[in-house]
Amino acid sequence: MTREEAQAKLNSTMTQINSSVDPLHNNLIAQSRDAYAKRWGTKMSKEKEAVLKNSLQQVTNVMVSKGKSKEAIKSAISDISKVDNPIAILYNLYSILIPNFAYTEVCGVQPMPTKESPIFYPQITANEDRNGITKGTALLGSTNWAKENTYTTNKVAADAEVSGTDVTFTAPEGSMLPNTLEITISGAANAFTLDDGKGNINPVLNVITSGTVDYATGEVSITLDAAATDAEVSIKYRYDWGATPDSYITGQKPAQIVLEWKSKTITANPYRLRSTYSLDDFYAAKQVLNGYDIDQVLSTSLGGLINKEISCNMFDEMLARADGSATWNSILPAGVSQIEHNMSILQAIIEASNEIRKNIARSGANWIVAGSKMMNIIESLSANFYNSKEIWSANSYSAEPIGPYVAGTLFNRFKVLKNQDFDEDTALLGYKRDEMDASYLTGSFISLYATNPLAMDDLHSIQGMGCQLGGTRAFENSMLKFVIE
């Protein structure tokens, strides 16, 4: 059979379907075409429209054979936004449902044009070896990247050579400025001292016997006391960028950095489920519960389960990549009320947040994904500390949603998500500034899709839902596991 012959047969089939479709479906078909064009930016193909028309007609035939009148069907499907008939539910669920997944509240979210795609984040990188920091070192979001804040200046931190009681060091820059030398002794002894600006190092009883510094050459010589033999010696100093007033031209050149967008390639993983529901049962429920939106219940339940599956998987992956931990002891101390003790968890949370900021030199935590034990504590706090009312009002919650969700704010600083799929004693802290600056980044290839509902001959409808997404930790040491003991 040639291509022309195959096309002729297909055209004949489509003509037959078009002639058999009851006119009562015309409005629904038109609305479906418009929705498809708006969604995809292109017209629905003749083949797809024929499949749609055939499905509609087959469902209608079954409904009529079961005693449903055409008038009732036409009334129900005249507006697909109102679900008063099993036919309408098929169209309502046909549209793509994209709920607000819980994980998007704490992760940076970026689109993925293909299943395996890069996601992007800002980075500052050293473009030369300088002051003990090597070329290529990330200067943004990496623990201790510039602990001494020396990359952009003429201040240097280094370790001296120690042999018994003799300590030597020579500045590779070839000079050292007076009154800038700082010496720290640790290990066998502990001490701190400075130079006197005249070429001498101030002695320390039982630690440093004597010492000199040649500012012109950057040579340092120290004699340790016998009690400090083989101690560790670290020094800090500033060197001369240039001796003339225009030293910014003739002296040491400015630090070289590269400001760029870095990328990490991630692969989108699938999450899928299939739902089956009875059209007869649905229709009966609509009649009995007159005015109660069964479709909303069904869609919310399906969306809730998808949210639970996807968000909890993402939270588990984030927890596995936490770089440290913090703890809080839940045992009530003697003489302390339960209310007072519960409030002490706030101090532990703030300390954990500040630890993150110390680690990455960027931001402290501003979100918490909390298991049951932490939620039990913070939900007992007064409204001065924990506010859930505004969240519930803003989201029109009438009952807790299925799966993890934004439950409130702590200290007007931390967004709190309740996730009871975590171990009950576990929580996770991290930060999100925007979609490109966050502890954890996710890429969404398909946010959520829904297959066309398939109506079976036994009046059961089957529909598939799912998504494809992936994620990666953007910055090391930017998430902490919080454990309640």
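Let me start with Ile 345, which, once residues up to four places away in sequence are set aside, touches Trp 328, Met 374, Ile 377, Phe 482 and Ile 484, where contact means heavy atoms within 4.5 Å. This is a predicted model, in which local features need pLDDT of at least 70 and side-chain atom pairs count only at pLDDT 80 or more, while totals for chains, interfaces and linings use all residues. Residues are numbered from 1 along each chain as its sequence is written, and side-chain values use heavy atoms, with hydrogens and water left out.

Ile 345 belongs to the largest nonpolar core, which has 33 residues, and it is listed with Ile 349, Ile 368, Met 374, Leu 410 and Phe 482 as having the most contacts inside that core. By a nonpolar core I mean a set of buried Ala, Val, Leu, Ile, Met, Phe, Trp, Tyr and Cys residues joined through side-chain atoms within 4.5 Å; buried is under 20% relative accessible area, exposed is over 50%, and partly exposed is in between, with a 1.4 Å probe and protein chains only. Among the elements that each supply at least two residues of this core are strand 13 (324-328), helix 9 (338-360), helix 10 (372-378) and strand 24 (480-484), and the largest share, 7 residues, comes from helix 9. Helices (H or I, at least four residues) and strands (E, at least two) are DSSP runs, numbered from the N terminus. A second, separate core of 25 residues includes Met 176, Ala 189, Tyr 215 and Val 220.

Staying with helix 9, its 23 residues should span 33 Å at 1.5 Å a residue, and its end C-alpha atoms are 35 Å apart, which agrees; the expected span is 1.5 Å times one less than the number of residues. Its buried residues include His 341, Asn 342, Ile 345 and Ile 349. After the helix comes Ala 361, whose phi is positive, near 55°.

What does the side chain of His 341 reach at 3.0 Å? It reaches the backbone oxygen of Asn 329. His 341 is buried, with a relative accessible area of 7%, and, leaving aside neighbours within four places in sequence, its contacts include Trp 328, Ser 330, Leu 332 and Pro 333.

Let me turn to charged pairs. The structure holds 7 salt bridges, a salt bridge being a side-chain nitrogen of Lys or Arg within 4 Å of a carboxyl oxygen of Asp or Glu. In one of them, Glu 105 pairs with Lys 415, with the closest N and O atoms 2.8 Å apart; this pair links distant parts of the chain, since Glu 105 sits in the loop between helix 5 (86-94) and strand 1 (108-111) and Lys 415 in strand 17, 310 residues apart. Asp 323 forms another with Arg 473, at 2.6 Å between the closest N and O atoms, and here the partners are 150 residues apart, Asp 323 in the loop between helix 8 (294-320) and strand 13, and Arg 473 in strand 23. The side chains of Arg 433 and Asp 437 also meet in a salt bridge, at 3.4 Å from N to O, and of these two Arg 433 is partly exposed, with a relative accessible area of 49%, whereas Asp 437 counts as buried at 7%.

As for the whole protein, there are 11 helices and 24 strands, and buried residues make up 41% of the 485 residues.

Technical notes. A polar contact is a pair of N or O atoms within 3.5 Å; within protein, one must be able to donate a hydrogen and the other to accept it, and residues adjacent in sequence count only if both atoms are side-chain atoms.
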